[in-house]
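I opened this notebook to record how two parts of one chain meet. The entries below follow the order in which I looked things up.

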Amino acid sequence: MEKENPPLPPLQSVTLRINGKEQRLELAPWTSLLDALREHLHLTGTKKGCDHGQCGACTVLIDGKRINSCLTLAMMQEDKEITTIEGLAKDGELHPVQQAFIDHDAFQCGYCTPGQICSVIGLVNEGKAKTLADIRDLMSGNVCRCGAYVNIVKVVQEALERSEAK
Amino acid sequence: MRPFTYTRATDVNSAVQEITRHEKAKFVAGGTNLLDLMKIDVMAPQHLVDITRIALKTIEETADGGLRLGALVTNNDTAYHEQVEKRYPLLSHAILAGATGQLRNMATDGGNLLQRTRCYYFYDTQTPCNKREPGSGCSAIKGYNRDLAILGTSEHCIATHPSDMCVALAALEASINVTGPNGDRVIPIADFHRLPGDTPHIDTNLQEDEIITSIDLPAKGFAEHYTYLKLRDRASYAFAIISVAAALDMDGDTIKEARIALGGVAHKPWRKPAAEAMLQGQQATRENFQKVAEAYLEGAKGYGDNDFKIELAKRAIVRALEQAFNKEGAA
Amino acid sequence: MKTDQIGKERNRVDGKAKVTGEAKYAAEFDAEKLAYGVVVSSGIAKGKIKRIDTSKALALDGVLQVFTHENRPGYMWLDKNYKDDDAPPGSPFRPLYDSEVQFSMQPIALVVAETFELARYAAMLVEVEYEEAEHDTDFESNLEQAYEPKEYKATEPPKPRGDVDQALAEASARIEETYTHPAEHHNPMEMHASTAVWEGDGKLTVYDKIQGVQNSQQYIASAFGMSKDEVRVISPFVGGAFGSGLRPQYQLFLAVLAARELQRSVRVVMTRQQMFSFGHRPKTLQRFKLGADTGGKLQALQQEVYGETSKFEDYSEDVVLWPGVLYPCDNTKLTHKLVALDVYTPLDMRAPGGTTGIYALECAIDELAYKAGIDPLEFRKKNYSEKDQNEDKPFSSKELRECYRQGADKFGWAKRRMEPRSMKEGHQLIGWGFAQGAWEANQAEASAKAVLSKEGKLTVSSATADIGTGTYTVMTQIAAEALGLPLEDVTFKLGDSDLPKAPLEGGSKTVATVGSAVKKACEQVQEKLLKLAQQQPDSPLAEAKLEEVDFSEGKISLKRDASKSVQLQDLLEQSDNGSLEGEVSTKPSDESKEYARYAHSAVFAEVKVDEDLGTVKVTRLVTAVAGGRIVNPKTARSQILGGMVWGMGVALHEHTVMDNNLGRFINHDLDKYHVPVNADVQEMEVIFVEEKDEVVNPLGVKGLGEIGVVGVAPAIANAIFHATGKRVRELPITMDKLL
């Protein structure tokens with residue numbers, strides 16, 4: 001069969017700044033930030049759990065704010081500072097929130113974990129969680145099917161204390 | 001997702017030019033609902049105009065003492081804005097009752113107004129849905145309709161509007177500033193969203209080539225006696241089964257003015273000023289609240305699974321008014 | 001047994017990989033020239049595909065192929081070729097087999113393209129015309145057609161005992177009630193995915209989301225007529241499964257099919273919506289008749305179960321097993337019939353049968369206790385089973401009474417007032433509920449290999465899985481304990497079909513099963529080490545038997561005189577071949593089969609229910625577990641906490657809704673299918689009571705994956721009754737049911 005060529009999205013040049021490093025990609029507009037990270041840059045630490053903003057597994061930080069990377073286009077995030085789970089450990093040393101996840105056993109299968117960790121860091125940056133109820137509500141955008149919530153809350157409490165001590 | 005082209009607009013005029021220039025074009029800002037729907041082929045624009053770089057990101061006082069929310073201010077930045085928290089806590093609470101920290105960091109105030117329904121059938125392209133595909137039929141009316149509308153429905157559609165923010169905006173009588181090829185205009189929130197009628201595919205009175213630039217909040221914020229009560233199937237990250245934005249202006253124990261807006265019950269935030277007026281000059285008693293609740297739900301119609309929402313909405317109104325009177329905010 | 005490792009709180013050994021994003025799941029392995037497959041799902045529930053037009057999809061640049069029943073290669077066709085280790089009796093679903101549609105969202109085509117986005121778009125262009133047939137998805141209206149299957153997938157219902165009708169007639173307290181449990185979907189956070197890597201020469205390496213790599217390997221080999229040497233299945237990390245990975249799912253078949261045909265590596269990932277297109281916890285209706293005498297002793301128990309299955313396989317689960325385990329009663333009648341519908345075959349979902357059966361049983365018992373005017377916990381104490389009446393066997397161990405005691409103390413149950421609606425705080429009605437639970441403590445056959453290197457590093461392996469349960473960690477602990485090594489010196493490998501044979505990871509049996517094999521493999525190494533030690537001139541251990549020595553802190557020493565010891569490192573350096581190996585298969589002992597082996601739980605719940613609005617909050621949950629020896633209290637607690645969250649989901653949230661007009665599950669995403677979120681979870685406590693069990697398996701352990709779930713939903717339901725005075729007998733208990 002002879003192939004016709006219906007208009008496919010044209011590739012465009014995109015420069016993303018991820019974990020402090022500039023990454024130049026040729027992408028079609030229809031590539032989400034999440035798919036750009038996972039499929040184009042092989043940064044698979046950011047997870048796809050639903051692809052529709054219904055689970056939070058794809059949470060990354062944009063200029064320090066947590067967002068769902070599945071619901072934004074890679075093109076839209078040019079000129080932003082994108083931080084993924086791969087960018088948190090510094091010089092081989094885990095970010096305190098990463099270490100706290102291990103210490104409090106705040107995960108089981110680990111699939112929602114990178115998103116949870118980014119979300120905790122974003123929550124601390126927001127500075128709006130004052131009570132236990134706040135923490136639980138503000139962490140509700142990250143579904144954990146293994147049900148590690150009790151331990152995740154401990155991690156957040158600790159992270160908030162640490163940030164207050166600073 | 002179908003193929004589309006992508007450009008960026010840097011100011012309102014170029015945005016309007018871009019949207020007129022391209023066939024089947026849409027603005028994208030937060031993207032939280034649009035990209036979601038594009039992935040499952042419910043929406044299929046051929047061009048996206050990225051408006052996130054336009055300077056509509058400030059919250060400022062208006063000349064008449066109100067507050068102007070830039071259309072591109074994120075939901076979180078709005079809810080956490082000092083002036084909003086202080087003067088319009090009802091709005092702040094309503095926004096925070098919706099979605100999640102992540103989504104609110106993306107979603108913009110303008111985009112929130114344009115959220116599409118969460119009806120199961122609208123989201124499933126394999127099923128008939130008049131909103132998605134006019135004339136294909138409504139699967140919900142005789143199907144599963146537990147979450148769907150009880151007020152203002154039509155034989156073509158019983159979808160609800162999913163926003164929490166808009167419910168508060170309705171109670172506060174906000175107005176929406178828009179710009180189009182023919183210039184600027186102001187749409188009162190009450191006229192912004194439509195009832196389904198026989199055009200359920202049209203959600204709002206915003207024209208395809210118009211852009212929302214800001215939302216004006218009137219000076220009166222009901223910061224003392226207010227509540228946003230949201231009933232949902234889990235404690236967070238769920239759309240409302242019923243929500244009530246209630247605001248009272250009190251003179252001692254006498255009600256000077258009452259505002260009640262319902263979410264989760266209709267194709268738009270539901271106001272009934274005539275029923276609200278019943279409380280004017282009255283005492284804040286449970287009996288009076290119950291009378292208003294009855295009046296609010298007059299003409300409500302259940303479709304089987306959602307019959308309970310009629311009674312639940314009445315009870316929610318009463319509770320919300322009590323909480324507002326008792327200054328219990330979002331308790 | 002000494003305890004350097006076992007019984008100690010340990011961080012997960014795979015923790016660092018998981019918190020840094022380094023842990024790779026099935027869809028995250030890269031391959032050269034990887035192509036992407038997207039599945040097209042059927043829009044109807046039953047009928048035939050009259051026409052499927054793929055031309056528009058194929059016309060796109062970069063679309064490699066669209067596979068349908070029309071162009072699929074002629075592979076195997078017999079049912080037996082598609083049977084997997086967890087297949088129920090019947091005829092397994094064969095993807096793209098013919099034009100027939102057997103259930104809604106059935107995979108009917110696979111679009112393969114150079115990029116994911118392109119495959120997704122092309123899938124939208126596949127045009128399908130159906131010849132629709134009338135579907136049958138309405139459970140209630142098909143109850144009359146329910147049947148007893150020729151063969152039960154699960155345990156056959158126990159034979160009737162005594163005379164239920166007469167005992168009911170004579171009972172002084174009676175209840176007769178019906179309980180409904182909806183269909184639910186597993187919804188692990190990771191969507192089902194397979195990356196089939198084309199290795200050339202017809203060989204494949206497949207990264208699959210599965211609870212048993214050898215099940216996938218066997219399935220692929222058999223369905224595609226390949227030899228097992230030609231397909232290797234790898235699955236180091238599984239992003240949750242809860243049963244969804246017990247059977248190979250269709251993305252595996254499709255990825256392999258495409259990779260073989262295109263001779264290219266192909267990845268297929270289901271969408272979240274498609275996660276509702278295969279196995280699920282079946283909708284179940286249970287009719288209970290219970291009777292007790294004036295002393296509150298249970299005299300009659302009838303449980304009549306109707307469970308959903310598909311039209312092509314007879315799925316059943318252990319719903320009627322629990323009365324015989326939990327309550328002594330001489331007059332019982334237990335039946336389990338199936339209602340076949342045009343749906344995909346149900347599939348074991350965390351605590352299959354127990355979640356459903358114990359929920360209804362424990363609510364019914366609560367109702368009977370109220371009828372008899374006896375405190376619900378007291379009622380359980382009066383009716384405490386000392387043996388399993390299903391099989392007439394004693395329990396290998398059962399510290400459930402201790403669970404009652406410690407759980408009640410922690411919760412403050414003694415302060416409870418019997419009458420409903422007796423506690424209130426503002427608009428919130430407060431209720432306290434109780435339920436108990438049990439889950440099988442099985443052991444299956446498994447193999448493991450242990451290799452101790454010259455450098456003193458121990459590598460142990462078995463083809464089992466870690467689906468978040470902590471397998472990596474506890475196996476490492478068991479092995480480290482056996483040879484007295486620090487955890488850092490031990491590596492446990494799993495999730496590779498090349499490794500020694502292990503069964504599916506399911507049924508809370510992995511620690512008992514694989515752990516026993518690991519222990520024994522390490523014991524072989526111990527024997528070899530001891531022999532080496534004894535070959536030394538003037539060996540201080542010359543006459544010692546294996547049971548007389550300790551392996552601890554890198555030494556072998558005499559138990560009675562620790563000063564007599566040999567350093568492992570010295571032995572290894574002397575060893576000729578450099579490393580020492582042990583490889584074994586283990587199976588349950590004959591002695592253990594003489595006993596009924598169960599873990600038990602006691603669950604206490606506090607709820608607050610809004611008197612006007614019907615909203616429910618579970619404010620406190622206490623679970624006391626008698627689960628044998630706890631290998632790692634830290635991960636064990638997490639597992640029970642997770643089970644409690646699941647129980648809460650069962651009680652209050654989860655429900656896949658069938659639209660019978662369309663024959664389709666309609667709330668098929670995570671927006672509309674609710675699982676609990678962080679804000680739903682308030683105070684939760686876990687207690688492990690001490691339980692010694694010398695019989696159950698060599699480690700004395702009982703699985704914990706499921707015992708945490710089973711008692712929670714009934715405890716919450718009973719608490720809601722206590723709060724409101726209203727019995728809701730249809731799950732989930734949502735606000736509309738409490739108005």
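Predicted model: local features only at pLDDT ≥ 70, side-chain atom pairs only at ≥ 80, totals over all residues.

Entry on the side of domain 1. I asked which element of chain A gives the most to the side of domain 1 that touches domain 2, and I found strand S3 (residues 59-62), with three residues. By class, I recorded five nonpolar, seven polar and four charged residues on that side.

Entry on the domains. I looked up the domain assignment of chain A, which gives domain 1 as 12-86 and domain 2 as 96-165. I noted that 21 Å separate the centres of these two domains, taken over C-alpha atoms.

Entry on contact and area. I found 16 residues of domain 1 of chain A in contact with 17 residues of domain 2 of chain A. The area buried between the two domains is about 1,200 Å², and carbon and sulfur atoms give 55% of it. In domain 1, I listed Lys47(A), Arg66(A) and Ile85(A) as the residues that lose the most area to domain 2; together they account for 47% of what that side buries.

Entry on charge. I looked for salt bridges between domain 1 and domain 2 of chain A, and the count is one. I then looked up Arg66(A) again and found that Arg66(A) forms a salt bridge with Glu126(A), with the closest N and O atoms 2.9 Å apart.

Conventions:
Residues numbered from 1 in each chain as written. Chains lettered and ligands numbered in written order. Heavy atoms only, no water. Domains from an automatic or database assignment. Contact = heavy atoms within 4.5 Å. Buried area = accessible area lost by both parts, 1.4 Å probe. Salt bridge = Lys/Arg side-chain N within 4 Å of Asp/Glu carboxyl O. Helix = DSSP H or I, 4+ residues; strand = E, 2+ residues; numbered from the N terminus. Nonpolar A, V, L, I, M, F, W, Y, C, P; charged D, E, K, R; others polar.
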